[in-house]
Every structure is written in C-alpha cells, then in structure tokens.
Amino acid sequence: MGGGASAYRGGKTGDAPKNNRSRAKTVLSKLKPSQEKETSPTLTMMMLGMGGVGKTTVHKQVTRTFGDGATADQIDAAIHAVRTVFVKKTLAVSNLIVEGTQEAAGRLSGPPIETQNEGNMDTMLEKVDEITDILASVDTRAKKNTSHSRFMDNELDALSALLSEIWNTEIFRDAMSKYHSEDLEAEMEFSMVDRFADQLQRVFSQQFSLSSEDFLAVRQPTRGICKSLGSVSGSNFTLMDVGGQELFQEEWNQMLSASKMDMQKKPVVGILYIASLDDYRHKCKKKGNRLSASLSNWKKLQSNSLIIDPDPVPIIVLLNKVDLFRKYLHKHKEDFHEAFENTKERGTKESRSEYENRCISVVQKKFEEYYAHGKHGQKLKVPLQSYVTCAMDTTMVKSIFEKYVEVVITQSMQLSFNC
Ligand SMILES: Nc1nc2c(ncn2[C@@H]2O[C@H](COP(=O)(O)OP(=O)(O)OP(=O)(O)O)[C@@H](O)[C@H]2O)c(=O)[nH]1
Ligand SMILES: [Mg+2]
C-alpha cells in the first residue's frame, strides 16, 4: 500500500524518485523559455481512457484542489443533469410497467408486478405523456437557444407534482425497487436517483443546490474536450479532459496531433491514462468485456507515434473505482475469471482483502506488461507508475496528482538531458 492517503499502489513501480520536489524546481527553471523568466511555463496534460472510467471526476477533484473549482455554469448544468435523470428513470420504469412484456419482466427482478388495475395504468400513461411533453419542450428550446435549455419554473412545479404522483403509487415503488439496467451508462446516471430518492420535492424546487460531494458524483459524459487551469507546487498546468465513449475515442489522435502542431507553445507533456477496475464486470456495446477493451486501448496507445516521437510523453496509469471493484468482486467471480482466466479462486487461508489485492495486482501487472513490451516503454526506459484509486477520495487524488506533476517534470528533464 502507498501512494495517496489510502491509495493502494503498485510496490516497486510506484515509488517516485527521491528529492523530486527540489529536482522538479530545477527542471522547471530549465524548461522556462529564456524570454519568459518571470512566469512559470504551463504543463499541458491530457487524460485518456474509456467512457465512464472517472476522468471527469479526477478533473473535478484537481480543479477543486489546484484550480478555481467549478463554475456557476457547470454547477447549473449538473443540477439540470440530476433533474433530467430523475425524469428519465421515472419514464424508464413507468414504461416497463405499462409495457408489461417478457422483456420488461426481465428488467424488473423478483416476483411479477401487479399490473391488472387498468385505471392505474391509464393514469400512469397520462402522466408519462405529460412528462414526455415537458421534456420535448426543453429539447426544442435547447436546439434553438442554449440559454433556455433548463427547466422553467412552471415546468419544475409540474414535474414535481407529476413525478410525486407516480412515485407515490405502490406499483411504481415496487417496480422501482426491482428495476435494474444492464447498461453501465444508465447504471452510472441512475445512481444519482438513489442518492436523492427521498428528496424528490427538493430536487425539483427552485432552491435545489448540490454539495461538493454530490457535484462530484453527478454523471455527465464528456463530449469533445474540457480544459482547466491550475497550479501545483509552483507549476502552472492545463489539464485536458476528453470524452472516452467509443464515439469520442476517435478524436484522441486529432487532439494529440493538434497539440503536436502547436509544439512551441503548449505540447502535451504528460498523459494520465485512467482505467476502471470495476469494468471487469461490464460489457461494451461492440467490444466485449470493458476491462479487456480498456487494456487493448492501452496497448494501442503504446505504439501511437503521436506520444512516442520524437520523445515519449510521460504517462501514468490510474486503476480507478477500486471501491466498486472490492464491493462486487466477491459476487461476480465468474465474470472476473472470464477476463483473467488464470486467477485462482480465493484460498481458504486468504482473507477477503488479500484476495482483492491479489486480483487488483493481476490487472495492474497486465497494464505494466503491455507497457514494458510496448514501444513507448521500450523507448522511455522508465518503469510505469500505476496507482490504484478511488476518484471520490479528494486526498488521494490530490496526493497522486502532485506526484504525477513531479513525474512529468522529472521525465521531461531526463529527456532533455538525453538530447
Ligand atoms: N464509486 C466510484 N464512482 C466513481 C469513481 N470514479 C468515478 N466514479 C463515478 O463514475 C461515473 C463516471 O465517471 P466520469 O468521471 O464521468 O467518467 P469519464 O471517464 O469522465 O467518462 P466520459 O466523460 O464518458 O469519458 C460518475 O458518476 C462518477 O461519480 C470511483 O472511484 N468510485
Ligand atoms: Mg468525462
């Protein structure tokens, strides 16, 4: 164990060189362009990784700790996302009840829902229609003018009343408790509803606000690129958070090459690759097991000339969502073995956490192996630094990010010495 406050970190690969801080300062002064002696240069770092692995969560933590924190617009968008997800989940569950099909039954675990009362169904259908109309109006406004893309006050009142009426029916509460989604994206979004399940009226009141912890947990998939500025240990940085869903992965190369072309000003000098340990139990739409897909993206990145030539860009790996990995590992061993067939079952004398740590290190070793054999690792000749993280843990992210910046500076210096 090591790394951040409570981070589980890869033993030999995780130790940052001694006296990094003082060396880092020296390097920074060397990296400063001579004509800009007074201002610290900006380190541009980019986060890569599949969708939903926790890049934006790390970004929010870093912005909160080392930058200006969230803007009013970002908080406003997060509040809207929470309300929208309440509406979406209510519609998803209501539609399954109304459908009453076999497929619907498969999404509602446990004994069948009592749907005989036609009156109940008609009332629910009417409310679903009204809610759908409100969503459609917001959508139409958003397409015309983004400043009106939130719910208006009268819509909030109407939604509060309509949703409360649906939520107060026994049939809905029953279905809600049995509802499960096989889709990871829906699971991540809908977890917000569980967080505020007993606060529906508050969520749709005009005064609704989010605590920093709530804001951190809101799922809003990144589209394109999101940049923020900050400063750590006297070094200014720009952190780029890019969308990781399959659709957006194709843009990674464009973003990297754009930064290459701008080499004199702000090249990407560090990459933070984030994978989710929890992905071992999820499947992608096209690529099978998500952790395997994350590994194969990682492997592909190792031979990407944009991050190898002319000099390799320093990379670290965060194996994130360790909290969820530990929580589900014991329930989903088979899924785990499907991706990592050589992992032995938990031994009789092995404690729960020993078994969990052994499984974590199987994943960690895979990332390290790919790195050691990849072109990037071969060229840089510095062991991979990998950290096992929970992005919800502010102290952990802070500590790792500080180390990361030191690594970027140190490795950049080693490269400049080798030149
Ligand atoms: N329990 C737990 N949840 C996490 C952790 N990291 C992120 N999450 C949650 O996982 C969801 C997805 O995280 P994001 O940060 O949006 O993922 P992303 O990598 O930015 O995804 P894209 O923007 O689609 O590329 C969010 O709801 C987060 O709150 C973690 O370590 N533990
Ligand atoms: Mg994101």
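Which residues in H4 meet Glu189, Phe190, Met192 and Val193 in H9? The legends below take up this contact and other views of a predicted model.

**View 1. Helices H4 and H9 pack against each other at an angle of about 100 degrees.**
Helix H4 covers residues 72-99, and helix H9 covers residues 184-195. The residues that H4 brings to the contact are Val82, Val85, Phe86 and Lys89. They meet Glu189, Phe190, Met192 and Val193 in H9. Six residues of this contact are nonpolar, two are charged and none is polar. Two packed helices are described by the angle between their axes and by the distance between those axes. Here the axes lie 9 Å apart. Angles of 65 to 115 degrees count as roughly perpendicular, so H4 and H9 are roughly perpendicular to each other.

**View 2. The whole chain holds 20 helices and nine strands.**
The chain has 419 residues, and 34% of them are buried. Take the contacts between residues at least 6 apart in sequence: 79% of these join residues at least 24 apart.

**View 3. Strand E4 pairs with E2 and with E3.**
E4 runs over residues 235-242 and is mostly covered. Six of its eight residues are buried. Strand E2, residues 42-48, pairs with E4 in the parallel sense over six bridges. In this pairing, look for Leu43 opposite Phe237 of E4. Strand E3, residues 225-232, pairs with E4 in the antiparallel sense over eight bridges. Here Leu229 stands opposite Thr238 of E4. When you follow a strand, remember that in a regular strand the side chains alternate between the two faces of the sheet.

**View 4. Ser233 sits in the loop between E3 and E4.**
E3 and E4 form a hairpin with two residues between the strands. Most residues other than glycine have a negative phi. Ser233 is not a glycine, yet its phi is positive, about 45 degrees. Is Ser233 buried or partly exposed? It has 14 other C-beta atoms within 10 Å, so Ser233 is partly exposed.

**View 5. Lys381 also has a positive phi, near 55 degrees, and is a residue other than glycine.**
Lys381 lies in the loop between helix H19, residues 375-380, and strand E9, residues 385-388.

**View 6. A cis peptide bond joins Asp309 and Pro310.**
Most peptide bonds are trans. At the bond between Asp309 and Pro310, omega is about -5 degrees. Where is Pro310 found? Look in the loop between helix H15, residues 305-308, and strand E8, residues 315-320.

**View 7. Ligand 1 has 23 residues around it.**
Which of them come nearest? They are Gly51, Gly54, Thr56, Thr222 and Gly244. Helices H3 (55-66) and H16 (322-329) each supply at least two residues of the shell. The largest share comes from H3, with three residues. By class, the shell has eleven polar, eight nonpolar and four charged residues.

Definitions and conventions. Residues are numbered from 1 along each chain as its sequence is written. Chains are lettered from A and ligands numbered from 1 in the order in which they are written. This is a predicted model: local features need pLDDT of at least 70, side-chain atom pairs count only at pLDDT 80 or more; totals for chains, interfaces and linings use all residues. Helices (H or I, at least four residues) and strands (E, at least two) are DSSP runs, numbered from the N terminus. A residue is buried if 20 or more other C-beta atoms lie within 10 Å of its own, exposed if 12 or fewer, and partly exposed in between; C-beta atoms are placed from the backbone. Two residues are in contact if their C-beta atoms, placed from the backbone, lie within 7 Å. Two strands pair if DSSP finds at least two bridges between them. Axes are lines fitted to C-alpha atoms, for helices over the stretch in contact, and angles run from 0 to 180 degrees between N-to-C directions. Angles under 35 degrees count as roughly parallel, over 145 as roughly antiparallel, 65 to 115 as roughly perpendicular and the rest as oblique. Ala, Val, Leu, Ile, Met, Phe, Trp, Tyr, Cys and Pro count as nonpolar, Asp, Glu, Lys and Arg as charged, and the others, Gly among them, as polar. A residue is near a molecule or strand if its C-beta atom, placed from the backbone, lies within 6 Å of it.
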